[in-house]
Amino acid sequence: MKPRQYLPLVWLLLSWACSPLSSASDEEQGSSSIIFTTLGRPDYAFDIYSLPIPLTPNSHELQLTDGHSVNFNGQFAPSSPSLLLPTDPPPPLQLVYVTERNNGLHTIFYDALYTQQPPQTPSSRRSILESQTITKRIQLPLLPNHDQNQNNVSMKDRPSLIGEYLIYVSTHENPGLPRVSWAAVYSTHLKSGNTRRLTPYGVADFSPAVSPSGELTAVASYGESGWNGEVEDLTTDIYVFLTRDGTQRVKVVEHGGWPAWVDDRTIYFHRRGDDQWWSVYRAILPPGKGSISVESVRVERVTPPGLHAFTPAASPGNHEFIAVATRRPGSTYRHIELFNLVTSEFTELTRLVSPNSHHLNPFLSPDSTRVGYHKCRGEPNSNESPQLLFENVKSPVPGLSLFRSPGSFPVFSPSGDRIAYVDMPGMYVVNSDGSNLRKVSDLMTFSTAWDPVRPGIVYTALGTGFSSESTHIDIISINVDQKSNNFKRLTQGGSNNAFPSVSPDGKWIVFRSARSGYKNLYVMDAAEGESNGLRRLTEGPWTDTMCNWSPDGEWIAFASDRHAPGSGSFELYLIHPNGTGLRKLIQSGSGGRTNHPYFSPDGKKIVFTSDFAGISAEPISNPHQYQPYGEIFIIGLDGSGLTRLIHNSYEDGTPAWSPKFLKPVSIERPKGGPYCDFVDLHWLNNMPNGIGSVVSNAQCGL
């Protein structure tokens, strides 16, 4: 294939240092805005930390990244790349990592970290690395995601720096098929900017790892079979190919993920075994340069059952120990431990110095003297970036600004001056500029809709989402400008009535109800509820849900599994309010999930959340996500112009369109808020034999 041409690194560094991230002319072109939620993301505040090996009583975590962004998935650079930082001797610590900065974009940075004096000998090096003091930091962006090119909106992940080349995952190329991941591995020559795709087209690769020699790269991949909707153990296979061009690709392990090399013939990886414990395994490739296949590779289980061990890290030539993340029975936190390959014993690390934090995705220094990982940096300090109420996220569409909300089901008032959202339990209202944030209800509600003609009236569903047809859930209205006796029940019987949406004249509410035994759409009086009349809009032994009325009153968009009732697969449909004109708007693909439609202010487009882009990273590498495939898309009312707006490996959902444009500027929390308030993967709580099992409740209901 023809290599993609990125801009040379020197020009990129100058443009990053000297160019503004946005301009007034960009903002003046804006016409509308979309707000959405990302599960847990506002509370991550990830930084990369390190501990010395072995751990001593005086050891403390050394924070490697700067505390001003969400920084994660690091790797220690094997040597000082002369084109990045031509210094001799090299800095004692060098880091390559993923960072979300500059309007929420994923990009990759190189950091050179200096201590009080340069190391002279191995013994002085250890003394310096244990000094826990960084006196100087040089940060260099390695990819051009900070410039004004809209096409650079994409996810980046798992970087490795090999000489003058950067190997990483990117989602910038659309495969053009529903439910096919955009994740692929690329190699960028940092001096020239030339970029080559190493993953074959039509295939998705995750979690690349480069061998110590740089000759081979291993990935977790579905091959050509594709993703079938898994959100826990992906059952990917391990493939190996030549790093220089992606050729000589061969499957070496069936069922495995997160590969890590110790030498050019030995790979560690994780999988969930038949006994349901996540464990680390070892794949030993045959010697020499002969043919390699699954049959010729020897696979051995390394870590024992009795705890979950995953995301292994190795260092070149180190056959003594590896680093792993663990979840032990009785523990609510993910920690980093060393596993001795000779004695089969674990040595705890992070629990001893930071017991009440989640620690993710370890990596080892080339000389095996340090282990790195990322975690939430804890309570904010004065020199850190502020906590955000609404985070501006870079948009790939000119004139459309995007914002991440701290709660679910955010929705704009008719004038666009206020936003209501739920943060279970409770509903909040805030001005669109971030002022006057207040809690208006303590009720357990989900879904929101603002009345277009009655000031201060917000409709919602009182109850718990993801519930059966018989669950007691009712539609209520809440007057957010009234302090007491401010809600009114509009439906009767509680047969899972949810997802209200109001007609533009304020007369009617469309909602879903299971009163017939199936979830279908109904229309009732907006002011008095079903006591003043009720009309059934759809009928059938399936689920119609998540409805939204168009601004001109002509259409109602909704999600439905009527093409495959009970399958969990949802597609978007349109229907006139009188029940005519039913048509499918988008084909989700086999087993696909396309939900939460919301009309643009002009009624010509719909924003929605979908697994149309498949899955972008191994879910076990992140905190908990109910649906780690959710991304935000827009589409024309005629089915044209499908555009992906968001690129990450989190769960994005419940989007809403504003009636006016908001400038693409993040808004701080007025008085702070929860920090590091997220949980680890719920399914890691499920230990075999029922030990420590936890039943989780989802936040965004069907």
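Which residue forms a salt bridge with glutamate 254? The partner is lysine 251, and the closest N and O atoms of the two are 3.9 Å apart.

## About the model

What you see above is a predicted model, in which local features need pLDDT of at least 70 and side-chain atom pairs count only at pLDDT 80 or more, while totals for chains, interfaces and linings use all residues. Residues are numbered from 1 along each chain as its sequence is written, and side-chain values use heavy atoms, with hydrogens and water left out.

## Lysine 251 and its partners

Let us stay with lysine 251 for a moment. A salt bridge here is a side-chain nitrogen of Lys or Arg within 4 Å of a carboxyl oxygen of Asp or Glu. Besides glutamate 254, lysine 251 also forms a salt bridge with aspartate 237, where the closest N and O atoms are 3.3 Å apart. Helices (H or I, at least four residues) and strands (E, at least two) are DSSP runs, numbered from the N terminus.

Lysine 251 counts as partly exposed because its relative accessibility is 25%. Glutamate 254 is also partly exposed, at 48%, whereas aspartate 237 has 14% and therefore counts as buried.

## Other salt bridges

By the rule above, the count comes to 32 salt bridges. One of them joins the side chains of aspartate 481 and arginine 418, at 2.8 Å from N to O. Aspartate 481 lies in the loop between strand 35 (474-479) and strand 36 (487-489), and arginine 418 is in strand 30 (residues 418-422), so the pair ties together parts that are 63 residues apart in sequence. With a relative accessible area of 47%, aspartate 481 is partly exposed; arginine 418, at 18%, counts as buried.

There is also a network of salt bridges, which links Arg41, Glu100, Glu391 and Arg404.

## Backbone details to look at

Most residues other than glycine have a negative phi, and most peptide bonds are trans. Isoleucine 53 and proline 54 are joined by a cis peptide bond with omega about 0 degrees, and proline 54 is in the loop between strand 3 (46-52) and strand 4 (62-63). Methionine 424 and proline 425 are joined by another cis peptide bond, with omega about -5 degrees; proline 425 lies in the loop between strand 30 and strand 31 (427-431).

Positive phi values come next. Arginine 179, a residue other than glycine, has a positive phi near 65 degrees. Arginine 179 is found in the loop between strand 10 (165-170) and strand 11 (184-189) and is buried, with a relative accessible area of 8%. Asparagine 496 has a positive phi near 50 degrees. Its place is the loop between strand 36 and strand 37 (498-502), and asparagine 496 is buried at 0%.

## Histidine 682

Finally, have a look at histidine 682, in the segment after strand 50 (667-668). Histidine 682 is buried, with a relative accessible area of 15%. The C-alpha atoms of histidine 682 and tyrosine 626 are separated by 8.6 Å, and the two residues are 56 residues apart along the chain.

Technical notes. Buried means under 20% relative accessible area, exposed over 50%, partly exposed in between (1.4 Å probe, protein chains only).
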